[in-house]
Amino acid sequence: MGSIANGTHRIVEPVIDVPVVIVGGGGCGLTTSIFLSDHGVEHFLFEKHPGTSRLPRAHYINQRSMEVFRQHNVAEHIKATSCPTGNLSRTDWRTPPGGNGPFDNRLLATMPAFGGQLGTPEGETYRKDGPELSTNLPLIRLEPVFRQVAEERNPGRILFSHSVQHISEQSDGVIVTVKASDGSIATYRAQYLIGADGGKLVGPQMGVEMEGPANIVKFASAYVRADLSKYCGDGTLITHYVNPDPEGEFDHGTLIKMGPTWNRHSEEWVFHYDYPVSDRTYTAEDLLPQIRQLLKAPELEVEILEVSHWILERRLATKYSQGRLFIAGDAAHRRPPLTGLGLNTAIEDAHNLTWKLALVLHGRAKPPLLDTYDAERRPIGRRNCDWAYHAYNNTFVLNAALGLAPGQRANNQERLSRLFEDSPQGETARYHLQRVFNTQDVEFSAHNIELGFVYSSGAVVPDGTTAPREDPGGKIYVPTTRPGHRLPHAWIERGGKTISTHDLIGSGKQHDLVLITDEAGNEWIKAADALTKKYGLRIGTAAIGAHPQSTHSDLYQNCDGVWAKVRGITDGGAILVRPDNFVIWRSLGPSMSNYTDLERDLKKVFI
């Protein structure tokens, strides 16, 4: 027996050694655990609460996250209970549906959302660009899925009701003191520690500061059970209600389906109300009449399951890593919920960090690779924070276009009279109102924000080409194999089995990298095989036919011609893909240096 000095603490051995400790068992921490397990990294996860989320909170899972879950064999678990894409295909703005006045139950504006409308150009764009589509499943149902999968893949080491008491970074690891619900104390020595704890412990330990505006506005959220089938369509996920003549405190509010039935007969819903930041809070008894008056449904039966309060902010951590400590998710970035970039950004944090930790811990990459986590993810955190904040600020444009003012009944009635007038002037007013509301596509159709982010770091080898022009509207995603970009999706087939190009990398159990070439790229395949033997870096290979007449049995066939359009290389070129399906390196054509350029550039990143 011995002891380890730790400031004023003295830790009595034995100490449990483990490669990685995760602090926090929410959506970010649990997905981090799943990915680490798939990469063969031993770890413990500690969560102070006894169970998963009691609130729906985050609910939208975007297309990029779903293809990540496809890679790690979690997508089917999610789709078993999540919202079908067609049932999250629109967002509406309406007047109160339960009243019988001339301006009640009116549609003010509507917008397609999340690529869910089948057969539309937008919907087909989403289907073309990814092997999976967006879905909706609130954390109250999603986190149990994550927890079950995490526990199956890392049994006995996903520990809820375990509170991390103290963290101390040492030269040979991170000492973590953990208290269980029975009061017992255990000590762990991790080589690395990931804070997915919302910024409560690990960030402050690192000296992280959160930059950006805070205390922007406060929300009261009511998680309810009610029959609202008369007030919401099957395909509408989010409805914004505007009451021009409120009797209560709120003249507007947002209603969101929460399932488990995903049409108009959804059993559970969330109402969001915003108000100036103050100490004011609302109880269930306060909010029940507010819900009824917003809908003008005084007899509506509503069971309020939970009430929560939260403050909207746009905050970004000054750093994502320090030494052996890392932060991810809300510990690193907090932004308005518009565009659904909270949980989805956290999933990408976990996806980016875990493969790098795995390669370093397995001895197939040097520790400087871990420095690229901050270099890659913090700029994306800033981008997503700024985008969500922009989408929030654009709601003031919508409100101005609507022209309704709190407490001005006569003016509001006049405005609605002109808006719904059965005349050419009324038609023009409605047309221009819809034009303004269409600008909120920055929230509901941010296709490029979800798929088009780009990495520039030491984990990417530039090839001297110019990036596609970024769509300032956030919608238009341009697939490209340029290094630093997401590998384009295309359907390919071999031996009667059709897969996505994204499926080539797998979940991390077989390959560290995948080299993609064509029927003229056999020398690249030989070079990759030789480097696998020389350095132990597991490089899988795949040849995708560039020409229909190529029929070699080992060749993948391009099913629909998409790959030929997006591959970005000429015959005999090659693309090297990282474990997160981002392109790390590319040769536009055959090697000009007897294929030694692949080894040279791999050494820059890993060796």
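**Close-up views of a predicted model**

A search of the whole structure, which is a predicted model, finds zero disulfides, a disulfide being a pair of cysteine sulfur atoms within 2.5 Å. Residues are numbered from 1 along each chain as its sequence is written, and side-chain values use heavy atoms, with hydrogens and water left out. Because the model is predicted, local features need pLDDT of at least 70 and side-chain atom pairs count only at pLDDT 80 or more, while totals for chains, interfaces and linings use all residues.

**View 1. Cysteines Cys385 and Cys559.** The sulfur of Cys385 lies 14 Å from the closest cysteine sulfur, that of Cys28, which is too far for a bond. Cys385 is buried, with a relative accessible area of 1%, whereas Cys559 has a relative accessibility of 41% and therefore counts as partly exposed. Here buried means under 20% relative accessible area, exposed means over 50%, and partly exposed lies in between, with a 1.4 Å probe and protein chains only.

View 2. In an unreviewed UniProt entry, the annotation "domain: FAD-binding" covers residues 17-387; UniProt positions are given in the numbering used here, feature names are shortened, and annotations may be inferred rather than shown by experiment. The end C-alpha atoms of residues 17-387 are 41 Å apart, and the span is 28% helix and 31% strand. Helices (H or I, at least four residues) and strands (E, at least two) are DSSP runs, numbered from the N terminus.

**View 3. Helix H8 against helix H9.** Two packed helices are described by the angle between their axes and the distance between the axes. Helix H8 (residues 341-361) and helix H9 (residues 371-402) pack at about 175°, with their axes 10 Å apart, so that H8 is roughly antiparallel to H9. The contact residues include Leu341, Thr345 and Asn352 of H8 and Tyr373, Arg377 and Trp387 of H9, and the residues of this contact divide into five nonpolar, four polar and five charged. Axes are lines fitted to C-alpha atoms, for helices over the stretch in contact, and angles run from 0 to 180 degrees between N-to-C directions; angles under 35 degrees count as roughly parallel, over 145 as roughly antiparallel, 65 to 115 as roughly perpendicular and the rest as oblique. Contact means heavy atoms within 4.5 Å. Ala, Val, Leu, Ile, Met, Phe, Trp, Tyr, Cys and Pro count as nonpolar, Asp, Glu, Lys and Arg as charged, and the others, Gly among them, as polar.

**View 4. Asn352 in helix H8.** Asn352 lies in helix H8 and, at 1% relative accessibility, counts as buried. Leaving aside residues up to four places away in sequence, Asn352 touches Tyr373, Glu376, Arg377, Tyr455, Arg578 and Asp580.

View 5. The axes of H9 and helix H11 (residues 424-437) come within 9 Å and cross at roughly 170°, which makes H9 roughly antiparallel to H11. Val397, Leu398, Ala401 and Leu402 of H9 meet Leu433, Val436 and Phe437 of H11, and by class this contact of H9 with H11 has seven nonpolar, no polar and no charged residues. Helix H10 (residues 409-419) and H11 pack at an angle of about 100°, with their axes 7 Å apart, so H10 is roughly perpendicular to H11. Arg415, Arg418 and Leu419 of H10 make the contact with Gly426, Ala429, Arg430 and Leu433 of H11, a set with three nonpolar, one polar and three charged residues.

**View 6. Val20 in strand S3.** Val20 lies in strand S3 (residues 16-23) and is buried, with a relative accessible area of 0%. Not counting residues up to four places away in sequence, Val20 touches a set of residues including Leu36, Phe44, Ala190, Ile194 and Leu361. Val20 and Tyr188 are 168 residues apart in sequence and 9.7 Å apart in space, C-alpha to C-alpha.

**View 7. The loop between strands S16 and S17.** Ser266 lies in the loop between strand S16 (252-259) and strand S17 (268-275) and is buried, with a relative accessible area of 1%. Pro260 is found in the loop between S16 and S17, and the peptide bond from Gly259 to Pro260 is cis, with omega near 5°.

View 8. Most residues other than glycine have a negative phi, and most peptide bonds are trans. Phe114 has a positive phi of about 60° although it is not a glycine; Phe114 sits in the loop between strand S7 (107-112) and helix H4 (121-129) and is buried at 5% relative accessibility. Ser161, in the loop between strand S9 (158-160) and strand S10 (162-170), has a positive phi near 55°.
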